[in-house]
Amino acid sequence: MSLASNNPATIVPFETHWDPADYGRTARFVSDLGEPVLRLLAPRVGERILDLGCGDGALTQRLAATGACVVGIDPSAEFIAAAKALGLDVRLMAGEDLPFVSEYDAVFSNAAIHWIRGQDAMLAGVHRSLKPGGRFVGEFGGAGNVAQVRAAALAALARRGIDGAALDPWYFPSPEDYRARLEHHGFRVVEISLFERPTTLPGELSDWLGTFAQSFLLPLSEAERVAAKAEIAAEVAPTLRAPDGVWSVDYVRLRFCAVRPK
Ligand code: BEZ
C-alpha cells in the first residue's frame with residue numbers, strides 16, 4: 001500500500017484555486033457523470049448524508065432532491081459560496097478535519113478523494129462520522145487515471161528543469177491499495193472496482209489543464225504556462241483528440257462502497 005500521501009516529508013505547498021464560473025464552463029461533466037455513484041449510494045428519504053468534497057454543490061443538490069438531509073463540506077471558500085447560493089447546508093472544511101461523531105447514515109464523495117493529501121486522517125474522520133452500520137460510498141480517480149496527460153505534464157516540466165513529481169497533487173490508488181487502506185481504518189469493503197471511463201471534454205485540453213492541472217503549472221510564468229499547455233496538448237493529441245477535434249481524456253475511476261461495522 002502506498003502511504004506517500006501521509007508522509008509529511010512528501011507534502012509540498014501546491015494549490016488549486018477553484019473558480020466556480022470557470023468550473024461550470026469546463027468541468028460540468030464532473031457532476032453530470034456522478035449519477036452512477038449516486039445510484040450506488042441509493043439515498044433514502046430522511047437519511048443524514050455527508051457529501052465529502054461537495055464542490056459547487058451541483059451533485060449535492062441532486063442528492064438533497066432525493067429527500068435525504070445532506071450536509072456538504074469542501075475546503076474551497078469559492079465553492080462553498082457557490083453551493084450556499086443554491087440553498088445547501090454546506091461548510092468550509094478540509095476532508096482531513098471532519099469533527100462529526102456517529103452522525104451520518106452515509107458519507108458520499110464524487111471526484112474529490114484524489115485531491116485529499118491526508119488520506120488516513122480523512123478515513124479516520126469518515127469512519128468516526130458514520131453511525132455504526134453506516135456506509136461510505138465514493139468514486140474518484142484510480143490507478144492510471146489521466147496517465148497520458150500526467151506523463152506529458154511531467155515531461156513538459158522536465159524539459160524546463162523542474163521536477164514535476166513534487167508538484168503532482170493527485171492520489172490515484174489501485175483497488176488493492178484502497179481496499180487495504182479502508183480495512184486498516186475499520187471499514188468492511190462491500191465492493192470496489194477500477195474501470196476506464198474515457199471522458200469527453202466540452203472544449204480544449206488547455207482549458208482542462210487550466211482548471212485541473214494548475215499545480216503543475218505554478219512555477220511557470222504566464223507565457224510559459226501557455227507554451228507548456230500547448231506542448232502537453234500536442235503530445236497527447238494523437239491518442240486523445242478525435243479527427244473532429246473533440247478531446248476524450250483517459251479517465252480511470254475507482255468506485256467503492258464500504259461499511260462501518262455495527
Ligand atoms: C478526476 O479523476 O476526476 C480528476 C483527477 C485529476 C484531475 C482531473 C480530474
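**Strands S2 and S3**

In this predicted model, strand S2, residues 69-74, pairs with strand S3, residues 89-92. The pairing is in the parallel sense and runs over 4 bridges. Within it, Asp74 stands opposite Leu92 in S3.

**Packing of helices H6 and H8**

Helix H6, residues 119-129, packs against H8 at an angle of about 50°. The axes of H6 and H8 lie 10 Å apart. Angles under 35 degrees would count as roughly parallel and 65 to 115 as roughly perpendicular; H6 and H8 are therefore oblique to each other.

The crossing of H6 past H8 is right-handed. On the H6 side, the contact is made by Gln119, Asp120, Met122 and Leu123. H8 contributes Tyr178, Arg181 and Leu182.

**Ser174 in the H7-H8 loop**

Ser174 belongs to the loop between helix H7 (147-158) and helix H8 (175-184). Its relative accessible area is 18%. Because the limit for a buried residue is under 20%, Ser174 counts as buried.

Leaving aside neighbours within four places in sequence, Ser174 is in contact with Ala143 and Leu254. Glu35 lies 139 residues from Ser174 along the chain, and the C-alpha atoms of Ser174 and Glu35 are separated by 22 Å.

Technical notes. Residues numbered from 1 in each chain as written. Predicted model: local features only at pLDDT ≥ 70, side-chain atom pairs only at ≥ 80, totals over all residues. Heavy atoms only, no water. Pairing = 2+ DSSP bridges. Helix = DSSP H or I, 4+ residues; strand = E, 2+ residues; numbered from the N terminus. Buried < 20%, exposed > 50% of the residue type's maximum accessible area, 1.4 Å probe, protein only. Contact = heavy atoms within 4.5 Å. Axes fitted to C-alpha atoms, helices over the stretch in contact; angles between N-to-C directions. Parallel < 35°, antiparallel > 145°, perpendicular 65-115°, else oblique. Left-handed = near helix turned anticlockwise from the far one by under 90°.
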